[in-house]
Each structure stands twice: as structure tokens, then as C-alpha cells.
Amino acid sequence: MWLLNYPKVQKWTCTKPPRGADSQKDVKKGIFVGTCYTVAEGLRFEYLGGYGTISCGDCDFSQDITSFTHGPSSSTAGYQCHTCGKFTTRTRKKPFRRPDPADRDKSLSELAPDARPSRIEDLQSSIRLGEREMQETPKRDWHPTWVSKVAECRRELSTVTEDELQNMEKKREEVAQAYEASLFCACGGGLERDKTLFCPSCRSNNLRYGHEHST
Ligand SMILES: [Zn+2]
Ligand SMILES: [Zn+2]
């Protein structure tokens, strides 16, 4: 099986396993071990790929878990209740409807009201990116379209009212707060994603993770 029992490594030398890490060399360095790794200081969700199996080295606990996956309009993240130890997931929806491909060539004013926010966010990020690019690049190396592209985005964005921007901000906050409020287990314990994982059955930190696929 893929879940090999490699010797426990001393310490992580990087925060995330690099893609396609060379197994044997990296076992020694304490980095990623092919499709399975174990780490002396304990597993955390941030080290784990999209979806895989966690198993305990000290008892027979084993469970398939989702660490993190994302789809076009939502993402799903793994959590552990630090009271009862249960592994679970929570899904975060994006606050605004994603752009419809049929809308791609329409201008902002031609879009339906619920299609506007994601376009407005696009315009805002195009402006930010364009301005940063121009700041970091000597003027003689600017791409000929940068200035006009940023100006065009600004022109379109200038038609958006302060009210609409504030409503978008309110919606973002509502969605974020609803998500925060969902981060509790049925037992009443808080769900955590940033702490070292432990076995729900025997509470050992000696966990191993078999990475099945990224999504
Ligand atoms: Zn719980
Ligand atoms: Zn255990």
C-alpha cells in the first residue's frame, strides 16, 4: 500500500511539501515522502493535500478526510474539533455569483444586477495588478496596452455608485461572519485548522497521512 512506515523525520524544513518532491532524498531532509508523510512535530491541515486518509500510529484509527478542495463557487476545508477530536469539514461559499461565460463580452452596464459584483471585483483587481506592474517596471518596458487597459477599467468602475460598493462590502462581511459562526462542533467545541492534529480515538499526535489526490 501507499501508506508506508517511513522513519519519523526530525523536523520540517519547509512549511508545505513541494510538488513532485523526490521521495528518498526528501525523506532524509524531512520533506515530502512520495504520497505519504509523517512528521515529528505532528501533522497539520496546512501540510496535507486535498483529500486523503489519516491513520494513527498508536491505535487502529483511520479516516478519509478532506484537507482543502475548491470549486468554482465555494471551497471546502478540513477542521478538527479540539474538544472531542472529530474531523469534519466546512464549506465556504463565495459571496458573489461567479461570472457567466455568456456575459464575458458585455460591459458592466449591460450586466444583470447579480452579475455586477464579480465584474466589479475583476475591475478592481485588474487596476491593482496593472498599477503594481507599472510601478515595478521601468517605463520603457511597459507593455503598450497597460496604460489604456487601466484607464478603461477605471472608466468602467467610475460608473459604480458608492452604495453598490458598500452593499458588496456588507455582503462580504455577512458571508464571512456566517462562516465564522459555523466553526463549531456538535459537541460545542471550537473547530480548528491551524493546530497540530491528534487522533480522535487515543489522542496521540502520531498520525500519518496518505495523500490520494489534489483537487
Ligand atoms: Zn466536538
Ligand atoms: Zn490513535
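The structure is a predicted model. The chain comprises 215 residues, of which 14% count as buried, and it contains four helices and eight strands. Its mean pLDDT is 81.

**Confidence**
- A pLDDT of 70 or more is reached by 79% of the residues.
- Residues 1-38 have a pLDDT below 50, although this stretch has 57 contacts in the model beyond near neighbours in sequence.
- Where pLDDT is low, the predicted coordinates should not be read in detail.

**Fold**
- Read from the N terminus, the order of elements is α-β-β-β-β-β-β-α-α-α-β-β.
- Among contacts in the chain with a separation of 6 or more, 58% are between residues 24 or more positions apart.

**Nonpolar core**
- The largest nonpolar core consists of nine residues, namely L43, F45, L48, I54, C56, L197, C199, L207 and Y209.
- At least two residues of this core come from β2 (51-56), and at least two come from β8.
- Leaving aside residues up to four places away in sequence, the core residue I54 touches S62, Q63, I65, L207 and Y209.

**Backbone at R203**
- R203 is located in the loop that lies between β7 (191-192) and β8 (207-213).
- The phi angle of R203 is near 70 degrees, a positive value in a residue other than glycine.
- R203 is classed as exposed because 11 other C-beta atoms lie within 10 Å, and the cut-off for an exposed residue is 12 or fewer.

Key:
Residues are numbered from 1 along each chain as its sequence is written. Chains are lettered from A and ligands numbered from 1 in the order in which they are written. This is a predicted model: local features need pLDDT of at least 70, side-chain atom pairs count only at pLDDT 80 or more; totals for chains, interfaces and linings use all residues. pLDDT is the predictor's confidence in each residue, from 0 to 100. Two residues are in contact if their C-beta atoms, placed from the backbone, lie within 7 Å. A residue is buried if 20 or more other C-beta atoms lie within 10 Å of its own, exposed if 12 or fewer, and partly exposed in between; C-beta atoms are placed from the backbone. A nonpolar core is a set of buried Ala, Val, Leu, Ile, Met, Phe, Trp, Tyr and Cys residues joined through C-beta atoms within 7 Å.
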